[in-house]
2 protein chains.
Amino acid sequence: MEMVPSEKGARMRVLILGGDGYLGWPTSMNLSSLGYEVYAVDNYFRRGACHQLDVEPLLKTPNLHKRSQRWKEKTGRNIHVAIGDITDYAFLSGCFTGKVFGDDDDGHWSPPDAVIHYAEQPSAPYSMMGRKQAVLTLQNNLIGTCNLVHAVKEYKPSCHIVKLGTMGVYGTPNIDIEEGYLEVNHKGRKHTFLYPKTPGSLYHLTKAQDGDMLYFYCRMWGIRVTDLNQGPVYGIFSKESKNSEDLATIFNYDDIFGTVLNRFIAQAACGHPLTVYGKGGQTRGYLNINDTLQCVELCVRKPAALGQYRVFNQFVETFSVNELAERVRKAGKIAGLTVEIKTIENPRQEAEDHYYNPVHTGLTDLGLKPHYLTDDGLGQILDVILKYKADINRDYFMPRVKWE
Amino acid sequence: MEMVPSEKGARMRVLILGGDGYLGWPTSMNLSSLGYEVYAVDNYFRRGACHQLDVEPLLKTPNLHKRSQRWKEKTGRNIHVAIGDITDYAFLSGCFTGKVFGDDDDGHWSPPDAVIHYAEQPSAPYSMMGRKQAVLTLQNNLIGTCNLVHAVKEYKPSCHIVKLGTMGVYGTPNIDIEEGYLEVNHKGRKHTFLYPKTPGSLYHLTKAQDGDMLYFYCRMWGIRVTDLNQGPVYGIFSKESKNSEDLATIFNYDDIFGTVLNRFIAQAACGHPLTVYGKGGQTRGYLNINDTLQCVELCVRKPAALGQYRVFNQFVETFSVNELAERVRKAGKIAGLTVEIKTIENPRQEAEDHYYNPVHTGLTDLGLKPHYLTDDGLGQILDVILKYKADINRDYFMPRVKWE
C-alpha cells in the first residue's frame, strides 16, 4: 500500500462532498485504494432527481452505505460515509468534527487535510427547467460553497479545497482561454484579472459565481483552493470498478444528466441515431473518467499554496460535437453496428461554430499522463455499454428543456 | 403635473423593490412627484438589522405604510405599498399581478413597466460579520434577483429592470475601469467581455454575481436590464423631503450601514474625530443623493433595449478618503467647528494607495446634470445634521467588523 504523508505524518484525510456521484464515488474508491483515509458524504440529490424526472441511470447502484460495505469486503479498506446536505451547516460542521461519521478508526479524530467539492447541482438543462430548479441550483451551489469556506476557516484553515468547476464557465470567447487568469494590456497599462467568464446556462453561471467566491476568500483569509475547470467526462468503469459491477458509478445517458459522449455511446449501442444539437460545431475539451481521477489525486497530493486560488483547465483534447459523432460512428462500425447521425434543433442558446483554443498545460506539468480517445478505447466503452443494451431507455435521449 | 408616457399611453408604472431604504424611499417620492405610478415594497431588513445590531438611524422614520399616508396627505398622490420578501416568489408574483397592493387605482391592473431593484443586503461589513450574515447576503441578493428575472419573464418580458449595483464590484485594478464592458486584445485576437470584477467584500461579490446573472438572462431570454454601478452616496434630504422631516429617509452614520461621507459629517457635527481607515488613499467615485434620483429616473425614462444589459458607472467625481476628510474639516471650520482627523487601523482588506480611473460618461450622455461636492453644499448638509447633534450616538463610529 502506498502511504501518502500528511502534515502530521499520518495518512492524509480527504473529505469528498458529493461522494455518491458519477465522479465522487470513483474518486472515493481511487483515493482509498491509494492509501488516503476517505470520508464521503452526499445528499442524494442525483438519485432523487433521477427518480423525479424519470431518467434512471443505466446500472442500478447500491446506496452509499452499501457501496462502502462492498468496498470494505473487497479491499479491506474503509470509506467512511454520511448522508446529509452541506447547505446545512450543522451537518457540514459534523464532517469536520467527525461527529457525522461516528468514531474515527483510531479514535484520534482530526479534520480533513483536503476537501474535494463535487457537491454541486451539475446539470445545465436541469438549471434551465424553471424557477424552482434555478433557485435550487443557486442555493445548493452557492450556499454549499459558502458554508464550506466558513467550515474550513473554523476547523482547519490550512485544509485544501479542490473544487470541481467546468470549462463551461468560459463560454466561447474569440480569444484563447488561458488557465484561470488573463493579463490585460489596456491604454498602456497592465492588469491581471481572473479570466472573465461568459457561462451559457444558469448551472454554469453558478460555477463561475462560486469560483469568484473562492477566489475572494483566498484573497481575504489566505485559504487555499484548486479550481478544476473540467470538460465533459466520458466512460463508465474506472480502475477500481472495472471487474466489480456492484462498485460501478451512476451512469446517466439522458438529456438532463448525461454528458454528450456517454449519450452518443448509449445511442450507438441501442441503434438510436446520435442526436447532434444544431450545426454540431460546438467544440469542447474532453477527458476520460480515469483522467479525472488522476487529476484530482495529483491536486490533493500537490496542493495550492496558502492564499492561492489555483486554476487548472482539466481536459486532454478538444472535439466538436460532429467529430465526436463521427468517432462513435467509426467505433460502432468496428463493432459491427450501423450508427446513424441525426441533426436536431438545438435546445440551447450557444454558438454552433466558433473559435476555441483553451490552454491546458497545468495538470500535465503537475504529472498528468493523459488517456486520449482512441478507436480502441472508445470500442471498449461501447462493448461494456452493449452488455446493458436491453436496459437502455430510448425515451431518455431527446432534449426536453429549451433555454428559451 | 408632468405625465410620463408608458407603452400603453397611460402613466408608467414603476415597482420599487427596497422602497423603504435610504435610496428607495426618496426614489419612490421622486418618481411619484414626477407623475409615475409608484409601487413600493420592502421586507424591512434594514429596520430589523439596525435594531439587532443597535445602530439606529439618526432620524426616527415612520413605517412604509405611514410614509405613504403622509405623502398622500401632502401631495395628493398615491404611493402603493406592500411589505414582503422578494425571495418569496408568491409575494413577488403578487407585485406583478397587483394582488399584494389590493385593487389598483383605476381598477385596471397591468404589470409594471419598470422595476427598480434596491432590495439587496447593502452592507459590506454586515456581509463579513460571520457565516450567517454571509449566507443571508447571498440568499437575499441572489435568490431575490433570480426570482425577479423569472417574474419578469412570466408576467411582462418587456419590463425594464433597473438594478442598483456598486462601483465596488470592480475593486481597484491597475487599468482604467470602463463602463461595463472591456475589449481585450490578446495574442492577435479581440474579444469584448463584461468588465472583470474583483470585489472586496462578500456583499460586493454578490453584486458582481447578480450582475453576471442579469447579463446571462439578457443573453438567453432577451430581457432588458440597466445595472447602475453606483459609488457611495451622501446627503440626507432630497427635494421631496427637505421641508418635511416626517418624509426623511433612513440615515445611517454607523460602521455597518453608514457610508463614509455621511459618517464623517456626523462625526464632525458631534465633535468626534473623523476616522480614516489606514492610509486613507482609498479612492472612490461619489455622488449626492439627488443625483441618484436623477440617474434612476433617467434610466426609467430611457430604458435599455430588449436583450441589452446596459451598464453605467454612477458617480460624479472621485475623492480619496483623505481628501473627503479634508473637505469635511474645511466645511466644519466654516461652520465654526474644530474637526480632528484620526487614522485608525483599517478593518478591511483593501489597497490603500492605488490607481483609479473609472469612466463615467454614460449617464451624463443620457442627461444627468451633476451636483458636485462644494464647500457650500457640504456646509448645508452639515447644518442639517447639526440640528440633530444631540441624537448622534458616538458609540456607532468605530469599526467592529474585521475582514480577517
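In this predicted model, 100% of the interface residues of chain A are also interface residues in chain B, so the two copies meet through the same surface. Chain A brings 37 residues to the contact, and chain B brings 37 residues as well.

Which elements give two or more residues to the side of chain A that touches chain B? They are the helices α6 (131–155) and α7 (202–221) of chain A, along with β6 (181–186) and β7 (189–194) of chain A. Of these, α6(A) gives the most, with ten residues. If you sort that side of chain A by class, you get 21 nonpolar residues, nine polar ones and seven charged ones.

A turn of 180°, with a shift of 0.0 Å along the axis, puts chain A on chain B with an RMSD of 0.0 Å. The two copies are therefore related as by a two-fold rotation axis.

Next, have a look inside chain B. Helix α10 (residues 321–334) of chain B packs with helix α12 (residues 375–387) of chain B, their axes 9 Å apart and at an angle of about 70°. Angles of 65 to 115 degrees count as roughly perpendicular, so that is how α10(B) sits to α12(B).

Who meets whom here? From α10(B) come Arg327(B), Val328(B), Lys330(B), Ala331(B), Gly332(B) and Ile334(B), and they meet Asp375(B), Leu378(B), Gly379(B) and Leu382(B) in α12(B). The residues of this contact between α10(B) and α12(B) split into five nonpolar, two polar and three charged.

Terms used
Residues are numbered from 1 along each chain as its sequence is written. Chains are lettered from A and ligands numbered from 1 in the order in which they are written. This is a predicted model: local features need pLDDT of at least 70, side-chain atom pairs count only at pLDDT 80 or more; totals for chains, interfaces and linings use all residues. Two residues are in contact if their C-beta atoms, placed from the backbone, lie within 7 Å. Helices (H or I, at least four residues) and strands (E, at least two) are DSSP runs, numbered from the N terminus. Ala, Val, Leu, Ile, Met, Phe, Trp, Tyr, Cys and Pro count as nonpolar, Asp, Glu, Lys and Arg as charged, and the others, Gly among them, as polar. Copies are superposed by least squares on the C-alpha atoms of residues with pLDDT of at least 70 in both. Axes are lines fitted to C-alpha atoms, for helices over the stretch in contact, and angles run from 0 to 180 degrees between N-to-C directions. Angles under 35 degrees count as roughly parallel, over 145 as roughly antiparallel, 65 to 115 as roughly perpendicular and the rest as oblique.
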